[in-house]
Amino acid sequence: MPNIKLVQKNILSLRIFILIAMPIILLATNVTAKNIYVDINRAPYAGENGSQQNPWSTLKKAMSKNILESGDTLILSGGNYGALTIKNRKNKKPVTVTSAKGEKAEFSSILINSSQNWVLHNLKINGSLAKDYKKTKLVLIDKKSSSISLTNLNIQSIPDASRWSQKDWHEKASDGIRSSGRNVSISNNLLTNVGNGITVMGENSVVKNNVIDQFSADGMRGLANDLLFEGNTVKNCIKVDQNHDDGFQSWSSGPNGRTGRGTISNVVLRGNTFIGSDNPNAKFTCAMQGIGLFDGMYENWIIENNLVVVDHWHGITVMGAKNVRIIHNTVIDPNDRKPGPASIKIFNHKKGMASSGSVIANNIAASFGKKIPGVFRHSNLQISNKNEIFQDPENFNFNLKENSPARKKANMLFKTQTDIKGRPRPKSERSDVGAFQYSPSQ
């Protein structure tokens, strides 16, 4: 059994670190900042100056270095702007690119290269707008970029993939967002009809409140230190090949680039929802794995208040855990068929390195595997009858029944302050196990 006080101290230190280290990208303004307007639906004319009355007729003109400066906001009319490349533009203060009110500027792809302090807001990225469509990265941020914010973007390979075959999905589904930059914030975006959803390879980044719906590879990937994934929804995995697709996946890399030979540290997965499929009419449903951490080591991770609904064995799996905290998660297998049932498990590393100082507590799942040294387990509820526990599991309502056996069974040493919906857990009595705290008004 690990030293519980030491585990709690490590978790507290990690929480303080997360609060300090996570990027805060502000839509800052100052006395010299200005709004610059672009309307590509107007023909070029002599009087254009970027004002609302006389907007620039091309984006290229508006983005000239002698026009667009640190702190400015670029406001775009609706229309197809093609591929956007932001290169070698390091701003002292954030520059915002957004759509005009009531309109939607569209791009076939966005590349950010060696740039800093950019906010992309309320835009549409539609890969099918490209003149010669090919599988690509719809939004790509390189490792020389930093302090980038992506908010309220609508990202898709194609608006409607209902006629795509499995071959089409395999050959045409572009990845949504791939970010290798530091201090990147990805929030409140909608990604549909993509391959991989969101891949983060740069440290000190936040992925929050995004929806990834219909994807054919992994929903989210966290491949760097000091990351926060919170409040995201990942659902409707599309089967296109024999690859195992995950709602969330991570793996480490050693100095020589070999998988599983390094350590990924200080990552928080909190309040996310992973559903393999909520569409009974889906044509190509895959047996999605939930949270798959298969190639550690994984150090100082917090995995709490997540809902995982998958037809697979791997609900939450960690192979090679050091001070990993798996707390108050609800893992459900929607049926009794194989593969499954969905479980929460910590193993040793594939290469034999032992897991240590880790905790699995206050969770709900069908299985928790064999006990191993270095992993403390307490107050987990093993499912035998979903309908006894949840209000309407057949329709994805996993709020607890009033008389649910999950009520007031949590170990108070490891309870979270709120549940997956942000509802407070009781301070003076035992809270409920799983991701959902019972509420009469739920």
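Predicted model: local features only at pLDDT ≥ 70, side-chain atom pairs only at ≥ 80, totals over all residues.

Reader: What makes the pair Cys 237 and Cys 286 a disulfide?

Author: The criterion is a pair of cysteine sulfur atoms within 2.5 Å. The sulfur atoms of Cys 237 and Cys 286 are 2.0 Å apart, and the pair therefore counts as a disulfide. By this rule the structure has one disulfide. The angle about its S-S bond is 115°, and the link is right-handed.

Reader: Where in the chain do Cys 237 and Cys 286 lie?

Author: Cys 237 belongs to strand β21 (residues 233–237), whereas Cys 286 sits in the loop between β24 (273–275) and β25 (289–295). The two are 49 residues apart, and the pair links distant parts of the chain. Both cysteines are buried, a term that stands for under 20% relative accessible area.

Reader: Why are β13 and β16 said to pair?

Author: Pairing requires at least two bridges between two strands. Strand β13 (residues 175–179) and strand β16 (residues 198–200) have three bridges, in the parallel sense, so they qualify as a pair. As one instance, Ser 179 has Val 200 in β16 as its bridge partner.

Reader: What is the strand order of the open sheet?

Author: The sheet has ten strands with parallel pairing, in the order β4-β7-β10-β13-β16-β19-β22-β25-β28-β32. Its edge strands are β4 (83–87) and β32, since each pairs on one side only. From one strand to the next, the twist averages 10°.

Reader: What makes a space a cavity, and how many of 30 Å³ or more does the structure hold?

Author: A cavity is a set of points where a 1.4 Å probe fits but cannot get out. The structure holds one of 30 Å³ or more. The largest cavity contains about 50 Å³ of space. Its lining consists of Lys 345, Ile 346, Ile 360, Phe 368, Lys 370, Lys 371, Ile 372, Val 375 and Arg 377. By class, five of these residues are nonpolar, none is polar and four are charged. Strands β32 (343–347) and β35 (375–378) each supply at least two residues of this lining.

Reader: Which residues are closest to the centre of the largest pocket?

Author: A pocket, in contrast to a cavity, is an open set of points. The largest has a volume of about 390 Å³. Of its 21 lining residues, Ser 277, Asp 278, Pro 334, Asn 335 and Phe 396 are the closest to the centre. The lining comprises eleven nonpolar, five polar and five charged residues.

Conventions. Residues numbered from 1 in each chain as written. Heavy atoms only, no water. 1 Å grid on protein atoms, 1.4 Å probe; cavity = no way out; pocket = protein on both sides within 12 Å on 5 of 7 lines; lining within 4 Å. Points joined across faces, edges and corners; volume = space filled by probe spheres on them. Nonpolar A, V, L, I, M, F, W, Y, C, P; charged D, E, K, R; others polar. Helix = DSSP H or I, 4+ residues; strand = E, 2+ residues; numbered from the N terminus. Axes fitted to C-alpha atoms, helices over the stretch in contact; angles between N-to-C directions. Buried < 20%, exposed > 50% of the residue type's maximum accessible area, 1.4 Å probe, protein only.
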